[in-house]
Amino acid sequence: MTLFSLSQAPHHLHRQALRKVLLFGTIIVSAATVISYYQVFNRSKDKTIFALRQYMAERSRQESQTFTTVRARLEFFRKEFMTLYLSDISFSEDDFWRFYFVDKDGATRMKKQFFNEEFDSKIGRQWGMSSFIGNNQSVASRDFQRRLLISYILVSRYSPAWYPDGVLHVSYPENAIVIFYPDEPWRLNTEPDLPMNELETIKATLQSTNPDRHAVWTRLYYDETAGERTITYEIPVDYAGRHLINPSMDVQLKSVMTRLDTDHPEGAYNFIIRKDGYLVIPPSKLGDELKVKG
């Protein structure tokens, strides 16, 4: 028995040594595999993050250009308006009523001839213009008439060149608007008692709602007239404590939203937010419930 056990001992020790070698080898291979995996993972992660940062920087630059251009346009408009408003330019009562009429429901509207092509010896070619003052608002104030006509001059002057960037218009705290929209004279068809200055867009510019007098990007809404997803940028303009006008531009976002929805890295989605974190453009198509809100 003793001789048999001694003769088998080397084989037993060999098996134990082999198992230890195999176990140690497995541990080494596993550790190397894990380390290699994490190295590859980290390299892949760093490469992906770098690519995403490059993508986001380029997309941010590309998509911001639309909004940057609109801000620059309206800041220029504001300066032009104030230059004229503080000048000695004046208009007679007859000048005002050459442009406007009062309809049967008491609303004041711009005559259709200024939507159709019109030539003026002083202003030049004009078209695509319409304007509306609700029947809850008197137009007797000569200052109000003057602001309306100054805005008309500037909107008709700059809108054709700026139209690719958006629909230029001027709104007022007195429930009025002057707009260039050559596709349809919709201000001739607006309900006579429409309280525009009580609705979200113009209301956001009022001194009572916006005491800090900051410019406003509205939320995304559906413009039923244009049939487009739209946001509006507007700048409240005050002078001597009075709210005069809001130069504004409607930006139709069909092309932007199409790019956001289709042009993105696999597994990612795009959206646009304001600086305060308010969602401007969602990462999906606009639902019917948002169309209704618009």
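Reader: Is Trp-162 buried or exposed?

Author: Buried means under 20% relative accessible area, exposed means over 50%, and partly exposed lies in between (1.4 Å probe, protein chains only). The model is predicted, so local features need pLDDT of at least 70, side-chain atom pairs count only at pLDDT 80 or more, and totals for chains, interfaces and linings use all residues. Residues are numbered from 1 along each chain as its sequence is written, and side-chain values use heavy atoms, with hydrogens and water left out. With a relative accessibility of 7%, Trp-162 is buried.

Reader: How is the ring of Trp-162 arranged with that of Tyr-158?

Author: Rings of Phe, Tyr and Trp (its six-membered ring) pair if their centres lie within 6.5 Å; planes under 30 degrees apart count as stacked, over 60 as edge-to-face and the rest as tilted. Here the centres are 5.1 Å apart and the planes are at 15°, so Tyr-158 and Trp-162 are stacked.

Reader: And what about Trp-127 and Phe-180, which geometry do they have?

Author: Phe-180 is buried at 2% relative accessible area, whereas Trp-127 is partly exposed at 25%. Their ring centres are 5.7 Å apart and the planes are at 80°, so the pair is edge-to-face.
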